[in-house]
Amino acid sequence: HEYKTTWAGPYIALDAEYEIDNKNFVSGGIELGLPTYKSEGDQPYRYDWAHPKSVEDSGGFGDAIHLGLAAMWKTFVADSMMLSLGFTYDYYKVSGATAKTFLNSGYYTDLYNAYQDAYNATDDADEKAIYQAEMNTINEYRNAGWTLESSNEIDSIYKSMGIRLGLEYKF
């Protein structure tokens, strides 16, 4: 499946650099943010969900928090070339965000028609009640525009860590 997320909002950051000697440098940083976000996803294995947008969730100010850490060491290995070794860490936490699921109207319309045919084909009151309940649920989906929405649904954590090894050239 495919899932795209956009983060935007206020961040505060502090970066520092220290020259150990004329050949070695270290730097570090910390970042704290309270971003808003919006995510959209396509989950093609769900034939009962719409495509290309199957799900969407979003959070406003205060629904998410981001912490970012970074550290870097650089050393000259030649007059114009530096070796760099770094570390990054990102932590995102989302609480209480709203989720939407977009239903495949064609799938549910076909299902409704099948329940209606089964309802009309039986004289059993219990079976009729089951088919009617299913048709009522599908009518609720239709009346909601084939979109199911749930407030305070999303609680998730995303963590990422990276190690960087590189060469830098000065021209």
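This is a friendly dialogue about reading features in a predicted model.

User: I am new to this structure. How are strand 3 and strand 6 joined, and in which direction do they run?

Analyst: Strand 3 covers residues 24–33 and strand 6 covers residues 64–78. The two run antiparallel, and 10 bridges join them. For one example, find Ile30 and look across to strand 6, where its bridge partner is Leu69.

User: Is Phe25 buried or exposed? And how does Val77 count?

Analyst: Buried means under 20% relative accessible area, and exposed means over 50%. Phe25 has 18%, so Phe25 is buried. Val77 has 47% relative accessibility, so Val77 counts as partly exposed.

User: What joins strand 6 to strand 7?

Analyst: A hairpin does, passing through two residues. Strand 7 covers residues 81–102 and runs antiparallel to strand 6, with 14 bridges between them. One place to look is His66, whose bridge partner in strand 7 is Tyr92.

User: Let's turn to the rings. How many aromatic pairs are there?

Analyst: Rings of Phe, Tyr and Trp pair if their centres lie within 6.5 Å, and planes over 60 degrees apart count as edge-to-face. The count here comes to nine aromatic pairs. One of them is formed by Tyr47 and Tyr107, with 5.3 Å centre to centre and 65° between the planes, which is edge-to-face.

User: Why does the pair of Tyr47 and Tyr107 tie together parts that are apart in sequence?

Analyst: Tyr47 lies in the loop between strand 4 (36–42) and strand 5 (55–59), while Tyr107 lies in helix 1 (residues 105–121), so the pair ties together parts that are 60 residues apart in sequence. Tyr107 also forms an edge-to-face pair with Tyr108, at 4.9 Å centre to centre and 85° between the planes.

User: How do Tyr47, Tyr107 and Tyr108 count for accessibility?

Analyst: Tyr47 is exposed at 55% relative accessibility, Tyr107 is partly exposed at 29%, and Tyr108 is buried at 10%. These residues belong to one aromatic cluster, together with Tyr141 and Trp146.

User: Which charged residues lie over a ring?

Analyst: Two cases to find are Lys128 and Arg142. The charged end of Lys128 sits over the ring of Tyr119, 3.9 Å from its centre. Arg142 lies over the face of Tyr112, at 5.2 Å from the ring centre.

User: What should I know about the backbone, and which residues show it here?

Analyst: The general idea is that most residues other than glycine have a negative phi, and most peptide bonds are trans. In this model, a cis peptide bond joins His51 and Pro52, with omega about 15°. Pro52 is found in the loop between strand 4 and strand 5. For phi, look at Trp146, where the value is positive, near 60°. Trp146 has its place in the loop between helix 2 (125–143) and strand 8 (147–169), and counts as buried at 16% relative accessibility.

User: Which strands supply the lining of the largest pocket, and what classes of residue does the lining have?

Analyst: Strand 1 (2–8), strand 4, strand 7 and strand 8 each supply at least two residues of the lining. Strand 8 gives the most, with four residues. By class, the lining has eight nonpolar, three polar and two charged residues.

Key: Residues numbered from 1 in each chain as written. Predicted model: local features only at pLDDT ≥ 70, side-chain atom pairs only at ≥ 80, totals over all residues. Heavy atoms only, no water. Pairing = 2+ DSSP bridges. Phe/Tyr/Trp six-rings, centres within 6.5 Å; stacked < 30°, edge-to-face > 60°. Buried < 20%, exposed > 50% of the residue type's maximum accessible area, 1.4 Å probe, protein only. Lys NZ or Arg CZ within 6 Å of the ring centre and 35° of its normal. Nonpolar A, V, L, I, M, F, W, Y, C, P; charged D, E, K, R; others polar.
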